[in-house]
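Subject: Structure handover

Hello,

Here is the structure you will be working with. Please keep it open while you read the notes below.

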Amino acid sequence: MGGHVRVSSVVLGTVLAGTFSFTAAFAQIYHLEWGAFGHGDGQFNGPSGVAVDGSRNVYVADFYNNRIQKFTTAGKYLAQWGGPGGAAAGELSGPDGVAVDTSGNVYVADHNNNRIQKFSGDGTYITQWGTTGSGEGQFDAPTGVAVDVNGNVYVAEFYNNRVQKFSGAGAFLTQWGRRGGFPGQFFGPNGVAVDLGGDVYVADTNNNRIQKFTSGGVFLAEWGRQISGDAQLLGPLGVAVDPNGNIDVTDSGHVRILKYTNNGLIITQWGTPGAGPGQFGLPSGIGLDAGGTVYVSDVNRHNIQVFGPVTLVEKPGWSAVKSIYRR
């Protein structure tokens with residue numbers, strides 16, 4: 001099922017500086033996919049978040065099956081945990097976001113139970129935190145979860161329209177955001193990601209944008225809604241950081257994946273509506289491994305698609321700004 005190539009050409013010069021113009025072509029290679037609708041091992045019912053650990057194990061939040069499934073990068077089923085939708089420790093009800101720390105521990109945004117649960121890489125329950133509400137350490141529909149290099153955990157909440165930051169043990173550290181459309185405000189945030197420098201990226205879904213913050217919640221930048229054409233977003237759900245520090249986004253409304261620099265300059269895009277290789281029904285979660293391979297969950301097609309790292313095909317003028325792509 002591999003070998004399908006999608007090539008996207010974008011003109012970045014006028015966006016970057018306005019003083020030069022060049023075209024860069026990127027090849028996005030479809031590798032494989034796995035999964036179908038169902039309840040058995042390796043099947044899905046509305047897969048949501050995706051995360052990859054340092055050993056390249058892939059974890060998928062299987063939302064309506066109320067479980068986490070673990071795979072190899074080739075899609076071989078390894079394990080699962082959760083339950084039939086319960087609220088006891090280790091059970092899950094609508095797991096949404098999933099993230100892995102540098103020790104291989106797995107954090108799950110247990111959406112319907114309004115809590116975060118922490119597991120070992122084999123699914124052994126470690127701890128949990130959160131209750132229903134809007135106070136510090138409480139949740140109302142936690143959606144995205146991310147972990148920084150220091151083990152701090154960031155959680156996006158859909159209905160509380162905020163991001164909360166915790167220690168790896170669940171101690172509340174800080175929060176930011178409220179409902180609205182101004183910088184630093186949210187309207188139904190979903191995915192969240194953290195780069196190696198500690199900057200936080202949030203998929204502000206109903207505001208059709210990505211927002212960038214410091215690790216303490218200071219607003220830095222936004223992009224997606226204030227522009228038109230290829231770089232515009234419609235209902236972004238998942239966000240992830242690639243090994244070069246660039247930002248990958250599942251643009252659910254446009255049924256595609258977009259890759260930006262960490263300041264919102266578009267690098268490339270891929271995906272169209274459909275049921276063929278490299279096509280999507282509703283792309284949702286996105287995760288990357290250390291080599292830049294991309295894993296995308298599709299809520300409607302009930303599968304995971306795998307794409308190779310973006311391959312740069314250099315064009316005249318690209319060398320002048322190559323550092324932007326490789327930052």
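A contact means that heavy atoms lie within 4.5 Å. Among contacts in the protein chain between residues at least 6 apart in sequence, 45% join residues at least 24 apart.

The model is predicted: local features need pLDDT of at least 70, side-chain atom pairs count only at pLDDT 80 or more, and totals for chains, interfaces and linings use all residues. Residues are numbered from 1 along each chain as its sequence is written, and side-chain values use heavy atoms, with hydrogens and water left out.

The protein chain has two helices and 28 strands; these are DSSP runs numbered from the N terminus, helices being H or I of at least four residues and strands E of at least two. Of its 327 residues, 60% are buried, where buried means under 20% relative accessible area, with a 1.4 Å probe and protein chains only.

β3 pairs with β4 (residues 58-62) over four bridges in the antiparallel sense, and P47 stands opposite D62 in β4.

The loop between β3 and β4 holds N57. Is N57 buried or exposed? N57 counts as buried because its relative accessibility is 17%. Leaving out residues up to four places away in sequence, N57 touches A51, V52, K70, F71 and L78.

Regards

Terms used
Two strands pair if DSSP finds at least two bridges between them. Buried means under 20% relative accessible area, exposed over 50%, partly exposed in between (1.4 Å probe, protein chains only).
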